[in-house]
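Subject: Structure handover

Hello,

Here is the structure I promised to pass on.

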Amino acid sequence: MKNKTIIFFDGDGTLWYPIKTKHTVKPHWLYKDVNIKDYHSHLMLISTVESTLKKLKKLGIITVILSTHPHEKVEAYKIINKKVKYFNLGELFTEVHATREYYESKGEYILEILRKLKIPKTKALMVGDNYLWDYKPAKKVGIDALLVKSDYMKRDKRLKTVKNLSDILNYL
Ligand SMILES: [Mg+2]
């Protein structure tokens with residue numbers, strides 16, 4: 001897994017997570033809680049995210065957010081862009097995309113972006129926190145993938161996992 005020139009990142013549970021539950025449960029409960037109006041204030045950036053992204057930028061690696069949203073496309077892009085702005089990550093990502101709510105969506109976005117940028121599959125890496133939404137869709141289209149360790153993902157030995165996001169630097 002060497003010579004990566006582009007890295008795709010999931011959002012929830014990979015770059016940021018709920019302050020209350022961190023990596024203990026899947027993060028999406030936050031958006032389903034009707035009592036929570038301003039979800040931004042209930043989220044925090046995961047440690048090492050900023051420093052890792054700054055290093056990737058220095059290395060000239062292309063960074064892309066692929067975050068699944070159940071909303072229609074225009075609304076979904078508004079929401080994810082607002083979140084990126086809230087966390088002040090705009091300068092650290094080359095592209096930001098709200099992917100569709102079905103498992104294969106991220107794989108489709110990855111292939112489309114690689115085609116557009118003329119980058120071979122072997123140069124790409126997907127980093128996520130969820131096997132079905134991040135890891136499997138990338139692998140299915142022939143892209144290397146890494147999972148950030150959490151309490152909610154099984155410690156399946158076949159999966160490549162990293163403890164901290166900064167550990168992905170060892171895979172480049
Ligand atoms: Mg996630």
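The notes below go from the overall build to the sheet and then to the core.

Overall build
This is a predicted model. The protein has five helices and eight strands. Starting at the N terminus, the elements follow the order β-β-α-β-α-β-α-β-α-β-α-β-β. Along the principal axes, the C-alpha atoms fill a box of roughly 45 × 35 × 30 Å. Buried residues account for 33% of the 172. Take the contacts with a separation of 6 or more: 63% of them join residues 24 or more positions apart.

The sheet
Six strands form an open sheet with parallel pairing. Their order is β5-β4-β1-β6-β7-β8. The edges are β5 (95–99) and β8 (161–162). Each has a single partner strand, so one side of each is left without a neighbour in the sheet.

How exposed is β5, then? β5 is mostly covered, with four of its five residues buried.

The β5 end
Strand β4 covers residues 62–68 and runs parallel to β5, joined to it by five bridges. Across this pair, Ile65 stands opposite Val96, and Thr68 stands opposite Thr99. Helix α3 (residues 73–86) packs on the sheet and touches both β4 and β5. The direction of α3 makes about 135 degrees with that of β5. Together, β4, α3 and β5 make a right-handed β-α-β unit.

The core
In soluble globular proteins, nonpolar side chains tend to be buried together. Here the largest nonpolar core has 34 residues. Which members touch the most others? They are Ile7, Phe8, Ile110, Met126 and Val127.

Beyond its neighbours within four places in sequence, Ile110 is in contact with Phe8, Ala124, Met126, Ala138, Val141 and Ile143. Phe8 and Met126 are themselves among the core members that touch the most others.

Best wishes

Note on methods:
Residues are numbered from 1 along each chain as its sequence is written. This is a predicted model: local features need pLDDT of at least 70, side-chain atom pairs count only at pLDDT 80 or more; totals for chains, interfaces and linings use all residues. A nonpolar core is a set of buried Ala, Val, Leu, Ile, Met, Phe, Trp, Tyr and Cys residues joined through C-beta atoms within 7 Å. A residue is buried if 20 or more other C-beta atoms lie within 10 Å of its own, exposed if 12 or fewer, and partly exposed in between; C-beta atoms are placed from the backbone. Two residues are in contact if their C-beta atoms, placed from the backbone, lie within 7 Å. Two strands pair if DSSP finds at least two bridges between them. Helices (H or I, at least four residues) and strands (E, at least two) are DSSP runs, numbered from the N terminus. Axes are lines fitted to C-alpha atoms, for helices over the stretch in contact, and angles run from 0 to 180 degrees between N-to-C directions. A crossover is right-handed if, with the strands pointing away from the viewer, the path from the first strand over the helix to the second runs clockwise.
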